[in-house]
Amino acid sequence: MPDFCRLSLKTRAHGIAFHRFPKTGKMRRQWELALSRDGYVAADRTLLCSEHFNSEDFDRTGQINP
């Protein structure tokens with residue numbers, strides 16, 4: 001897992017996407033805990049790059065997965 005994410009043309013060219021934290025609830029807290037940073041609380045506009053996820057974390061079926 002990378003130490004940080006930087007949005008740039010280079011990252012997009014390498015297929016790295018950026019994802020906004022869920023707005024509220026249990027899923028948002030799971031994302032925060034998964035970063036393994038003591039006391040981390042994401043801001044409303046915080047993004048994570050796709051390098052922080054495993055391939056099985058993505059739903060590529062096109063269906064919405066709650």
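## Salt bridges in the model

Two salt bridges are counted in total in this structure, which is a predicted model. Together they link Arg-28, Arg-29 and Glu-32 in a network.

One of these bridges pairs the side chains of Glu-32 and Arg-28, with an N to O distance of 3.6 Å. Arg-29 also forms a salt bridge with Glu-32, and here the closest N and O atoms are 2.9 Å apart. The side chains of Glu-32 and Arg-29 are likewise joined by a polar contact of 2.9 Å.

## Placement along helix 2

Helix 2 comprises residues 25-34, and both Glu-32 and Arg-28 lie in it. These two residues are four positions apart, or about one turn of the helix. Arg-29 and Glu-32 are three residues apart in helix 2, so about one helical turn separates them as well.

## Burial of the charged residues

Which members of the Glu-32 and Arg-28 pair are buried or exposed? Both Glu-32 and Arg-28 are buried. For Glu-32, the relative accessible area is 6%; because buried means under 20%, Glu-32 falls in that class.

Arg-29 has a relative accessibility of 39% and therefore counts as partly exposed, given that this class lies between the 20% and 50% limits.

## Surroundings of Glu-32

Which residues does Glu-32 contact when its neighbours within four places in sequence are left aside? They are Phe-21, Tyr-40, Val-41 and Ala-42. Phe-21 is eleven residues from Glu-32 along the chain, and the C-alpha atoms of the two are separated by 8.6 Å.

Two of these contact partners, Phe-21 and Ala-42, are also members of the largest nonpolar core. Glu-32, a buried residue of helix 2, is therefore in contact with residues of that core as well as being part of the salt-bridge network with Arg-28 and Arg-29.

## The nonpolar core

The largest nonpolar core has six residues: Phe-21, Trp-31, Leu-35, Ala-42, Leu-48 and Phe-53. In soluble globular proteins, nonpolar side chains tend to be buried together.

Phe-53 is one of the core residues. With neighbours within four places in sequence set aside, Phe-53 is in contact with His-19, Trp-31, Leu-48 and Phe-58. Among these partners, Trp-31 and Leu-48 belong to the core along with Phe-53.

Technical notes. Residues are numbered from 1 along each chain as its sequence is written. This is a predicted model: local features need pLDDT of at least 70, side-chain atom pairs count only at pLDDT 80 or more; totals for chains, interfaces and linings use all residues. Side-chain values use heavy atoms; hydrogens and water are left out. A nonpolar core is a set of buried Ala, Val, Leu, Ile, Met, Phe, Trp, Tyr and Cys residues joined through side-chain atoms within 4.5 Å. Buried means under 20% relative accessible area, exposed over 50%, partly exposed in between (1.4 Å probe, protein chains only). Contact means heavy atoms within 4.5 Å. A salt bridge is a side-chain nitrogen of Lys or Arg within 4 Å of a carboxyl oxygen of Asp or Glu. A polar contact is a pair of N or O atoms within 3.5 Å; within protein, one must be able to donate a hydrogen and the other to accept it, and residues adjacent in sequence count only if both atoms are side-chain atoms.
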